[in-house]
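Subject: Structure handover, strand pairing

Hello,

Here is the structure for your files. My notes on how the strands pair follow below it.

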Amino acid sequence: MEPVRVGLLAVLLMVTTEAWGQMSIGSLRSSLDFSNLKLVTLQGIVHLSRSRQNELGGECGNTTFTLQDDTGSIDVAIRRSNRLIEPLREGDRVQVTAKIEVFRNRENTPVRICVQATAIQHLGQ
């Protein structure tokens, strides 16, 4: 019975991801209320960056890279980086499924967007 539960969970995750669909980084930034606590799919080019502390209070994850598309760029944290099937290299074209979490200040202004990759797929050049 356990494999059935795992399979069902995987199907639910796929349906949820597909329901929100692929979006551009610019669209993500302009629809933070819609995207908060959702799984979204982003696509772009990898630019490797160091792990660093966000200036506005903490980190979103340990291993990070910058994802860039035609509409902008955003830092992406990798959940469970030890599960990456293929290492990321500068300039790789990837599709990222990520959980979005928006942190706001007392005035309800977004101060930080955490993009935590749950899956990364390398795309052909």
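Strands here are DSSP runs (E, at least two residues), numbered from the N terminus. Two strands count as paired if DSSP finds at least two bridges between them.

This is a predicted model, where local features need pLDDT of at least 70, side-chain atom pairs count only at pLDDT 80 or more, and totals for chains, interfaces and linings use all residues. Residues are numbered from 1 along each chain as its sequence is written, and side-chain values use heavy atoms, with hydrogens and water left out.

Now the pairings.

β1 with β4: Strand β1 covers residues 39–48, and strand β4 covers residues 93–104. They run antiparallel, joined by seven bridges. Gly-44 sits opposite Val-94 in β4.

β4 with β5: These two are also antiparallel, with eleven bridges between them. Phe-103 faces Arg-112 in β5. The hairpin of β4 and β5 has five residues between the strands. In that hairpin, Asn-108 has a positive phi near 70°.

β5 with β3: Strand β5 spans residues 110–122 and runs parallel to β3. Two bridges hold this pairing. Ala-77 has Gln-116 in β5 as its bridge partner.

β3 with β2: Strand β2 (residues 64–69) and strand β3 (residues 72–78) are antiparallel, and six bridges join them. Phe-65 has Val-76 in β3 as its bridge partner. A hairpin of two residues connects β2 to β3.

Best regards

Definitions and conventions:
Helices (H or I, at least four residues) and strands (E, at least two) are DSSP runs, numbered from the N terminus.
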